[in-house]
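Please keep the sequence and the model side by side as you read.

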Amino acid sequence: SIISNLEEINKVYKNYLVSPKDEKWENALVINTLIASSYRLKEWRIGNSSGNAGKFKNDPKNERAEYFLSQNSFEAIDAILEAHKQIVEKNKYYDFASYAMDKGASIELLTVIEKIKQTQEVLKKLKKDDFINAGALFNSAKDLHNAYYLSLIGQLSVTGKILDADGD
């Protein structure tokens with residue numbers, strides 16, 4: 001499975017090197033990946049354990065946490081948020097943030113960055129891997145997801161991919 005995934009990644013890189021570049025398409029991939037990641041963060045990593053997601057509504061159980069046994073679920077959530085922040089914050093080189101600002105999405109981008117920071121702050125206030133009291137964390141992750149899906153994607157004129165369309 002690992003080899004298959006690595007071969008797929010290798011194939012994408014090889015095709016990318018020989019194909020013409022389309023900046024809008026490339027950045028659409030980035031924003032849709034961020035949206036999918038924020039959705040999984042909100043629903044699966046936080047919502048299922050905290051009892052805020054539809055599947056386990058009002059039935060919080062820490063045992064549903066992604067890394068329940070090692071008690072590293074909050075570290076994983078923070079790492080995901082940190083990865084998001086690295087993608088959306090401006091760097092010294094032309095990056096996703098540069099593209100978004102060029103397209104007039106500076107305010108929306110700043111909102112996303114603020115929502116990431118707020119979610120990290122809410123996470124820090126919780127007892128390690130305590131999803132029973134993570135309602136505010138879920139709501140903050142929901143605000144982050146909405147900042148991507150409702151605001152930033154609209155300003156960038158990118159079509160969002162349909163998420164979780166399996167009927168659940």
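A residue is called buried when its relative accessible area is under 20%, exposed when it is over 50%, and partly exposed in between, using a 1.4 Å probe and protein chains only. What you see is a predicted model, so local features need pLDDT of at least 70 and side-chain atom pairs count only at pLDDT 80 or more, while totals for chains, interfaces and linings use all residues. Residues are numbered from 1 along each chain as its sequence is written, and side-chain values use heavy atoms, with hydrogens and water left out. Helices here are DSSP runs of H or I with at least four residues, strands are runs of E with at least two, and both are numbered from the N terminus.

Let's begin with the inside. In soluble globular proteins, nonpolar side chains tend to be buried together. A nonpolar core is a set of buried Ala, Val, Leu, Ile, Met, Phe, Trp, Tyr and Cys residues joined through side-chain atoms within 4.5 Å. The largest one here has 35 residues, and Ile-31, Val-88, Tyr-148 and Leu-152 touch the most other members. Two or more residues come from each of α2, α3, α4, α5 and α6, with α6 giving the most, namely eight.

You will find Val-88 in helix α3, where its relative accessibility of 0% makes it buried. Contact means heavy atoms within 4.5 Å. Setting aside residues up to four places away in sequence, Val-88 touches Leu-34, Phe-96, Ala-97, Leu-109, Val-112, Ile-113, Ile-116 and Tyr-148. As for Tyr-99, it is 11 residues from Val-88 in sequence and 10 Å from it in space, C-alpha to C-alpha.

Beyond its neighbours within four places in sequence, Leu-152 is in contact with Ile-31, Phe-96, Ala-105, Glu-108, Leu-109, Val-112 and Ala-147.

Now follow helix α6 along its length. After α6 comes Ser-157, with a positive phi near 55°.

Which residues of α6 are buried? They are Leu-137, Phe-138, Ser-140, Ala-141, Leu-144, His-145, Ala-147, Tyr-148, Leu-152 and Ile-153. An α-helix has 3.6 residues a turn, so residues three or four places apart point the same way. The cover over the buried residues of α6 includes α2, α3, α4 (96-102) and α5. Ser-140 belongs to helix α6 and is buried at 7% relative accessibility. Not counting residues up to four places away in sequence, Ser-140 touches Lys-115, Gln-118, Thr-119 and Val-122.

Next, the rings. A pair of aromatic rings is described by the distance of the centres and the angle of the planes. Rings of Phe, Tyr and Trp (its six-membered ring) pair if their centres lie within 6.5 Å; planes under 30 degrees apart count as stacked, over 60 as edge-to-face and the rest as tilted. The structure holds one aromatic pair. Phe-74 and Phe-131 form it edge-to-face, at 5.0 Å centre to centre and 75° between the planes. The pair links distant parts of the chain, with Phe-74 in helix α3 and Phe-131 in the loop between α5 and α6, 57 residues apart. Phe-74 is buried at 7% relative accessibility, and Phe-131 is buried at 0%.

Finally, turn to the charged side chains. A salt bridge is a side-chain nitrogen of Lys or Arg within 4 Å of a carboxyl oxygen of Asp or Glu. There are seven salt bridges in the structure. Among them, Lys-128 pairs with Glu-75, the closest N and O atoms being 3.1 Å apart. Lys-128 lies in the loop between α5 (106-125) and α6 (135-155) and Glu-75 in helix α3, so this pair ties together parts that are 53 residues apart in sequence. Lys-128 is partly exposed at 46%, and Glu-75 is partly exposed at 40%. Another salt bridge joins Arg-45 and Glu-66, with the closest N and O atoms 2.8 Å apart.
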